[in-house]
Amino acid sequence: MKKRLTIYTATLTAFIIFGAFFLTPTNAQNSSQNTKSDDQKIQKQAQAIFKPLAETMPASEANPTTAEKVRLGKKLYYDPRLSLSGVISCNTCHNLATYGSDNVETSLGHNFQTGGRNAPTVLNAGTHIAQFWDGREPDLEGQAKGPVLNPLEMAMPDSELVIQRLSSIPEYREEFAVVFEGDEPVNYDNVANAIAAFERTLVTPSRFDDYLNGNNNALTPEEKEGLQLFMTKACITCHNGAGVGGSMYQKFGVVKPYKNQEDLGRYKITNKEADKYVFKVPSLRNITRTYPYFHDGQVWDIREAVYIMGESQLGMQLSDEEISNIVIFLDSLTGEIPEDALKLPVLPPSTAETSKPKI
Ligand code: HEC
Ligand code: HEC
């Protein structure tokens, strides 16, 4: 275990030294006056490290996206009847009007119970290597089955009740039959399949993608300065790729332990010593909108989150000015939520057979 950690730390150190050399800031203090060729160099470096968000997520072979499936998935996403109380929907904790998160430290679930972790945004989640802070579900389909039956969240006692509710509503029966094959199309797997197909449409390209696609003027000089710092300070060791994160697991507290040591992260799943305090590196897309920060939602200020990252992950104390520059760059990652996802669907009414809400 110790050996793995040493190798990891050595690799990180090597990257910082090598990376700092390779990505020498051309004029870090004043890059707003960068020459055109410096400007292009920064853009090339960025293109090598990040990727534009594709127009749609990587498709799932097992669960191909169709327009009807997305439409059904959107209704289910917004339908509070997927919860025992009849008042909590996916959108309660992943509110698309607030960038797919709930902006509270830890979400309020069934009977006002709170869980131990902050709700990450659903936007672009399909681009991540796996789902949840600890990556315990490999894909969106597997993930969607969790919250409905979680007693702290939507609190359905079993999947049969979910299916009872949905199949008591004729419109849902018809829509499932159009979208899915088989004798009993209204089943729990298909509920998850439809929701996942809807979630795959939740991609939020921003000006940063225009920049990566070749338009150097898509970012302001200040944003480019922040981007350059984000690269030279080695944030990119962990936050890279299309999601500016979401592509790997890393320890939180590589150099300095985080103040809250309660959550052991991936250790709870793998039972490996080396996985203590290891979490999925979060995507930083839309990050200035999805406060509060970290798995416990204990940090409200993005500036403080960036400072903590410098200290705990890289062993450096970022100055106020450096933090301001990085935050200006991070704000350029705020993208547009697809308009159709934001339009509330009209949900089909319950019938006399629909099981009643309970608290
Ligand atoms: C009561 C609040 C609540 C409800 C309701 C809820 N979630 Fe979540 N969601 C969370 C929390 C908290 C997490 C993080 C839990 C963890 O990592 O252990 C999460 C994680 C996720 C993730 C993983 C994102 C990532 O970056 O890893 C996705 C996707 C997601 N939820 C989708 C859904 C869907 C779809 C529904 C409805 C079926 C739903 N959630 C209902 C609170 C909620
Ligand atoms: C060694 C890997 C690593 C490095 C380097 C790193 N991060 Fe992180 N970052 C993480 C991990 C892991 C988390 C999740 C921590 C948690 O809450 O458990 C995270 C979380 C964050 C968050 C909060 C995300 C959220 O959704 O709450 C921000 C903001 C952030 N990082 C920015 C940065 C910046 C800016 C830098 C460079 C100064 C940086 N990171 C360097 C691994 C890293």
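Me: Which residues come closest to ligand 2, and what makes a residue count as near a molecule?
Reply: In this predicted model, 24 residues surround ligand 2, and C235, C238, Y293, F294 and M309 are the closest. The test is that the C-beta atom of a residue lies within 6 Å of the molecule.

Me: Which helix gives the most to the shell around ligand 2?
Reply: That is helix 12, residues 302-314, with six residues.

Me: How many residues of each class are in the shell around ligand 2?
Reply: There are 17 nonpolar, six polar and one charged.

Me: Which residues of helix 5 are called buried, and what makes a residue buried?
Reply: Helix 5 spans residues 140-149, and its buried residues are L140, E141, Q143, A144, P147 and V148. The label requires 20 or more other C-beta atoms within 10 Å.

Me: How do you know that the buried residues of helix 5 line one face?
Reply: Looking down the axis of helix 5, you find them within an arc of 160 degrees, so they belong to one face of the helix. As a general rule, an α-helix has 3.6 residues a turn, so residues three or four places apart point the same way. The cover over the buried residues of helix 5 includes helix 4 (90-93), helix 6 (159-167) and helix 8 (188-199).

Me: Where do the buried residues of helix 7 sit around its axis?
Reply: In helix 7, residues 170-179, the buried ones are Y172, E175, F176 and V179. They span an arc of only 100 degrees around the axis, so they are on the same side of helix 7. Those residues pack against helix 3 (67-78), helix 6 and helix 8. On the face turned away from the buried side, helix 7 carries the exposed residues P170, E174 and V178.

Me: Why is D189 called partly exposed?
Reply: D189, which lies in helix 8, has 14 other C-beta atoms within 10 Å. Buried needs 20 or more and exposed needs 12 or fewer, so with 14 D189 falls in between and is partly exposed.

Me: How do you know that the size of the protein chain agrees with a compact globule?
Reply: For 359 residues, a compact globule would have a radius of gyration near 21 Å, and the protein chain has 22 Å, so the two agree. The chain has 14 helices and two strands, and 40% of its residues count as buried.

Me: What are the domains of the protein chain, and how many residues of each are in contact?
Reply: The domain assignment gives domain 1 (2-55 + 205-282 + 287-331) and domain 2 (67-202). Between them, 24 residues of domain 1 are in contact with 21 residues of domain 2. On the side of domain 1 that touches domain 2, helix 11 (267-270) and strand 2 (278-280) each supply at least two residues. That side divides into 10 nonpolar, eight polar and six charged residues.

Technical notes
Residues numbered from 1 in each chain as written. Chains lettered and ligands numbered in written order. Predicted model: local features only at pLDDT ≥ 70, side-chain atom pairs only at ≥ 80, totals over all residues. Helix = DSSP H or I, 4+ residues; strand = E, 2+ residues; numbered from the N terminus. Arc of directions from axis to C-beta. Contact = placed C-beta atoms within 7 Å. Nonpolar A, V, L, I, M, F, W, Y, C, P; charged D, E, K, R; others polar. Rg over C-alpha atoms; globule rule 2.2 N^0.38 Å. Domains from an automatic or database assignment.
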